[in-house]
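Here is a short briefing to read alongside the model. Please keep the 3D view open as you go through the points.

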Amino acid sequence: MAAPLELSCWGGGWGLPSVHSESLVVMAYAKFSGAPLKVNVIDNTWRGSRGDVPILTTEDNIVSQPAKILNFLRKQKYNADYELSAKQGADTLAYIALIEEKLLPAVLHTFWVESDNYLTVTKPWFASRIPFPLSLILPGRMSKGALNRILLTRGEPPLYHLREVEAQIYRDAKECLNLLSNRLGKSQFFFGDTPSTLDAYVFGFLAPLYKVRFPKVQLQEHLKQLSNLCRFCDDILNSYFRLSLGGISPAGQEMVDANLQKLTQLVNKESNLIEKMDDNLRQSPQLPPRKLPTLKLTPAEEESNSLQRLSP
């Protein structure tokens with residue numbers, strides 16, 4: 001009997017099994033390869049490190065990062081690439097590198113750096129799945145981490161300023177989407193009729209960008225103009241994720257999404273209120289503790305009290 005495979009990942013919304021790209025890459029690959037994953041969705045009771053998500057746990061191993069998890073699954077004989085030729089395998093590596101270099105920075109910016117998207121969608125969604133008081137801290141740290149990751153790869157000469165970096169990463173992302181669209185063409189998947197690792201990566205990064213409802217939709221609008229990539233995401237959702245993690249059909253997802261939006265707005269308001277209360281407490285003058293007066297007994301009262309304690 002094979003060892004159980006448990007995947008800890010961020011949960012879903014907007015008709016997606018997960019809104020987290022890297023979690024979605026692993027989930028899609030597991031579906032394509034037939035790996036029997038037990039999915040543990042992170043919520044506000046989770047006590048592990050969220051920085052390493054997704055995490056694959058077996059009886060003897062703990063593996064994080066999509067590339068390492070996929071390699072581990074291949075060693076367990078769950079291989080979605082067994083029909084690929086050597087050239088197709090090389091093309092897979094090249095396109096994954098392209099996605100991580102050209103598309104990932106813009107996806108991070110859309111979710112974590114663009115202020116309207118972060119404050120109205122990303123922050124409340126993730127905060128609702130993190131226990132208090134970490135829900136007030138971790139989303140901000142994740143946002144700063146995303147910005148640092150963008151600047152680390154793109155904040156070099158001649159792009160010194162954030163606005164210049166933003167313009168460049170969106171140009172690169174649109175170019176990457178165009179290349180992926182041309183490569184896919186009219187095919188169902190990138191290498192024919194069978195999904196592979198490249199399909200898992202493309203789906204993982206495109207589906208959240210395609211489905212999550214953002215107020216600022218610069219890159220999303222460009223993606224929706226590429227009908228074959230949108231059809232690609234829809235086909236995978238319908239074929240492999242017909243039921244969401246909560247067992248909800250796509251037909252009932254709209255109501256779930258509406259309730260989720262109300263919940264995230266409420267969490268956001270409560271977080272802001274708590275932050276203001278905390279600031280007010282810090283700024284308010286601190287009064288010294290009051291000393292209670294000490295009552296002294298007269299000699300006659302002390303003698304009477306002593307006699308009472310000695311009496312049976």
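In strand β4, V63 is the bridge partner of L56. The two strands involved, β3 (residues 55–57) and β4, pair in the antiparallel sense over 3 bridges; strands count as paired if DSSP finds at least two bridges between them. Helices (H or I, at least four residues) and strands (E, at least two) are DSSP runs, numbered from the N terminus. This is a predicted model, in which local features need pLDDT of at least 70 and side-chain atom pairs count only at pLDDT 80 or more, while totals for chains, interfaces and linings use all residues. Residues are numbered from 1 along each chain as its sequence is written, and side-chain values use heavy atoms, with hydrogens and water left out.

**The sheet**

- An open sheet of 4 strands runs in the order β2-β1-β3-β4, with mixed pairing.
- β2 and β4 (62–64) stand at the edges with a single partner strand each, so one side of each has no neighbour in the sheet.
- From one strand to the next, the twist averages 25 degrees.
- Strand β1 (residues 5–9) pairs with strand β2 (residues 37–41) in the parallel sense, over 5 bridges.
- Between β1 and β2 the chain passes through helix α1 (residues 21–33), and this β-α-β crossover is right-handed (with the strands pointing away from the viewer, the path from the first strand over the helix to the second runs clockwise).

- α1 lies across β1 and β2, running at about 150 degrees to β1; axes are lines fitted to C-alpha atoms, for helices over the stretch in contact, and angles run from 0 to 180 degrees between N-to-C directions.
- α2 packs on the sheet and touches β1, β3 and β4, its direction making about 130 degrees with that of β4.
- The axes of α1 and helix α2 (residues 66–75) come within 10 Å and cross at roughly 15 degrees.
- α1 and α2 are therefore roughly parallel to each other (angles under 35 degrees count as roughly parallel, over 145 as roughly antiparallel, 65 to 115 as roughly perpendicular and the rest as oblique).
- α1 passes α2 in a right-handed crossing; a crossing is right-handed if the near helix is turned clockwise from the far one by less than a right angle, and left-handed if anticlockwise.
- On the α1 side, E22, V25, V26 and Y29 meet P66, I69, L70, L73 and R74 of α2, where contact means heavy atoms within 4.5 Å.

**Helices α3 and α6**

- Helix α3 (residues 86–113) and helix α6 (residues 162–184) have axes that come within 8 Å and cross at roughly 130 degrees.
- That makes α3 and α6 oblique to each other, and α3 passes α6 in a left-handed crossing.
- Among the contact residues are Y95, L98, I99 and H109 of α3 and E166, I169, Y170 and R183 of α6.
- H109, in helix α3, counts as buried at 3% relative accessibility (buried means under 20% relative accessible area, exposed over 50%, partly exposed in between, with a 1.4 Å probe and protein chains only).
- Not counting residues up to four places away in sequence, H109 touches E114, I150, E166, I169 and Y170.

**A buried phenylalanine in a loop**

- F214 lies in the loop between α7 (197–211) and α8 (218–224), and at 8% relative accessibility F214 counts as buried.
- The C-alpha atoms of F214 and N117 are separated by 5.7 Å, although the two are 97 residues apart along the chain.
- Leaving aside neighbours within four places in sequence, F214 is in contact with T110, F111, N117, V121, T122, P208 and Q220.

**Backbone points worth a look**

- Most residues other than glycine have a negative phi, and most peptide bonds are trans.
- Q65 is not a glycine but has a positive phi of about 75 degrees; Q65 sits in the loop between β4 and α2 and counts as partly exposed at 45% relative accessibility.
- K77 also has a positive phi, near 75 degrees; K77 is found in the loop between α2 and α3 and is exposed, with a relative accessible area of 74%.
- The peptide bond from F132 to P133 is cis, with omega near 5 degrees, and P133 is in the loop between α4 (115–127) and α5 (138–154).
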